Structures are given as C-alpha cells and as structure tokens.
Amino acid sequence: LGLMGGFWGVIDESGKIIVPIEYDGVNYFANDKLFQAMKGNKAFFYNTKGKLVEVKDYTKLKESLFQD
C-alpha cells in the first residue's frame, strides 16, 4: 500500500501502480484476490493486475471469492 498527499493506492514491488493513489483508503479483500478502494462512501474493486472490476452484486462476489 502506498500513501501520497493524504491519498492511498497500491504499488507493487517493482514500482508499478496497481491501484491509483487517489483513494481515502485501500484494503485487501477476498483472500487477497481483490483490493477494495474507498472514495467517500463509494467502494471500487481492483484485481491484482490493476484492472478495475465492476461489482453489480456484492453478495454474489463475496460468495464466489470465498469458496474453496
């Protein structure tokens, strides 16, 4: 996780930005398969390659990611 100018993001070990440094907070989510980034009261999800993932049904997302 990276903090710059009061905003959070994710930078990998090589220095590549995975989650833009523009969020109020960032957490690991779903067994480290996604990052949850918060801006105000909105949540955004990024995969580990930095792609923004559209979440239409949060309940189904949780169920599919936590299954073994």
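The protein has 1 helix and 7 strands. Helices (H or I, at least four residues) and strands (E, at least two) are DSSP runs, numbered from the N terminus. Starting at the N terminus, the order is β-β-β-β-β-β-β-α.

Some ground rules. This is a predicted model, where local features need pLDDT of at least 70, side-chain atom pairs count only at pLDDT 80 or more, and totals for chains, interfaces and linings use all residues. Residues are numbered from 1 along each chain as its sequence is written, and side-chain values use heavy atoms, with hydrogens and water left out.

Confidence next. pLDDT is the predictor's confidence in each residue, from 0 to 100. The protein's mean is 82, and 78% of its residues reach 70 or more. Strand β3 has the highest confidence, at 95. Helix α1, residues 58–66, has the lowest, at a mean of 58. Where pLDDT is low, the predicted coordinates should not be read in detail.

Now the sheet. Which strands form it, and in what order? 3 strands make an open sheet, β1-β2-β3, with antiparallel pairing. The edges are β1 (2–4) and β3 (17–23), and each pairs on one side only. From one strand to the next, the twist averages 20 degrees. Two strands pair if DSSP finds at least two bridges between them. Strand β2 (residues 7–11) joins β3 over 3 bridges. Trp-8 has Tyr-23 of β3 as its bridge partner.

Stay with Tyr-23. Contact means heavy atoms within 4.5 Å. Beyond its neighbours within four places in sequence, Tyr-23 touches Phe-7, Trp-8, Ala-37, Met-38, Lys-39, Phe-44 and Tyr-46.

On to the inside. Buried means under 20% relative accessible area, exposed over 50%, partly exposed in between (1.4 Å probe, protein chains only). Of the 68 residues, 26% are buried. A nonpolar core is a set of buried Ala, Val, Leu, Ile, Met, Phe, Trp, Tyr and Cys residues joined through side-chain atoms within 4.5 Å. The largest one has 8 residues: Val-10, Ile-18, Val-19, Tyr-23, Val-26, Phe-35, Ala-37 and Tyr-46. Strands β3 and β5 each give two or more residues to this core. The largest share, 3 residues, comes from β3. In soluble globular proteins, nonpolar side chains tend to be buried together.

Last stop: Leu-34, in strand β5 (residues 34–39). Is Leu-34 buried or exposed? Leu-34 counts as buried because its relative accessibility is 6%. Leu-34 and Tyr-46 are 12 residues apart in sequence, yet their C-alpha atoms are 5.5 Å apart in space.

Key
Axes fitted to C-alpha atoms, helices over the stretch in contact; angles between N-to-C directions.
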